[in-house]
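Visitor: I would like to learn how to read a protein model, one feature at a time. Could you take me through this one?

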Amino acid sequence: MSTTGTTPAPTIPLQNGAQIPRLGLGTWPLDDRGAEEAVAQAIGIGYRLIDTAFNYGNETGVGRGIAAGGVPREELFVTTKLNKEDHGIDEVQHAFERSATKLDVDYIDLLLIHWPNPAQDRYVDAYRGLVRLLEDGRVSAIGLSNFKPAHVDRVIEATGVVPDVDQIELDPTRPRGEERAYLRGKDVVCQSWSPLGGRHAGLREHPVVAAIAEKRGRTPGQIVLRWHLELGCVPIPKSADPERQRQNLDVFDFALTQDDLARLATLDRGGEGITDSDEFGH
């Protein structure tokens, strides 16, 4: 398979001054060895946004992949996430140090709270810890993952600092229209995890997606990723396959039509299958 380089994704500005690439590489559920290989390979292809998390157990491998990628650190945008045991102002400082050490980096571009865990009721202090890291210059951007609008409102009201990103489960069958509109109104970038359907198999094989792909001369995955871009989201598809990585990044030279978008809108299954972040978290 070819690993010919692709032009890196364009970037968009974040709330607190950083620039995030419009598309990145997800690394769940790769182990350290798989992550090292996939990340180094992806950087060579043109990826500049790499997403991991403490809970993935692969930060060390991601860091090795970054080192092997041969691209200056300042050209990369590295994201990781912290767990519920790190919810607290001081705990977040320790979580940063732990992840930075595993990743072998001096700073982290974007640090996220992985889940709100509202039953624990410590995510506001966790966010205060992120704000401290931002003020100290140890992170370039801060954000949330799987936070509902009510959770986001609460951290903004408590700190006065708007997050850069909220990373949520999102694909054409779960388009999350209300959440996207809310985040857009706050100038918070909506980042899509499992953008190609993830554990909900069959999205790329759906007849609507397949028909649009055939008409446009693209792969079904490219059609779905372009859908995310059309909505203003930042997808982070996971792939360790070099040709799939290349295809996933090669989505910036075409656009979907209004008819394409209307047809994809028929895939909406509402909230079916979305993990409830009031009930689940780690």
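Visitor: Which residue in β4 does glycine 26 stand opposite?

Guide: Before we look, please keep in mind that this is a predicted model. Glycine 26 stands opposite aspartate 51, which belongs to β4.

Visitor: What is the order of the strands in the open sheet?

Guide: The sheet has 8 strands with parallel pairing, and reading across it gives β3-β4-β5-β6-β7-β8-β9-β10. The strands β3 (25–26) and β10 (234–235) are at the edges with a single partner strand each, so one side of each has no neighbour in the sheet.

Visitor: How should I describe two helices that pack together, and at what angle do α7 and α8 cross?

Guide: Two packed helices are described by the distance between their axes and by the angle between those axes. Here the axes of α7 (residues 207–216) and α8 (residues 220–230) come within 8 Å and cross at roughly 100 degrees, which makes α7 roughly perpendicular to α8. In this contact, Val209, Ile212, Ala213 and Arg216 of α7 meet Pro220, Ile223 and Val224 of α8. By class, the contact residues comprise 6 nonpolar, no polar and 1 charged.

Visitor: Where in the backbone is there a cis peptide bond?

Guide: The cis bond joins tryptophan 28 and proline 29, with omega about 5 degrees, and proline 29 has its place in the loop between β3 and α1 (32–45). Another backbone detail is found at asparagine 117, which has a positive phi of about 45 degrees although it is not a glycine. Asparagine 117 is located in the loop between β6 (108–113) and α4 (123–136).

How values were computed:
Residues numbered from 1 in each chain as written. Predicted model: local features only at pLDDT ≥ 70, side-chain atom pairs only at ≥ 80, totals over all residues. Heavy atoms only, no water. Pairing = 2+ DSSP bridges. Helix = DSSP H or I, 4+ residues; strand = E, 2+ residues; numbered from the N terminus. Axes fitted to C-alpha atoms, helices over the stretch in contact; angles between N-to-C directions. Parallel < 35°, antiparallel > 145°, perpendicular 65-115°, else oblique. Contact = heavy atoms within 4.5 Å. Nonpolar A, V, L, I, M, F, W, Y, C, P; charged D, E, K, R; others polar.
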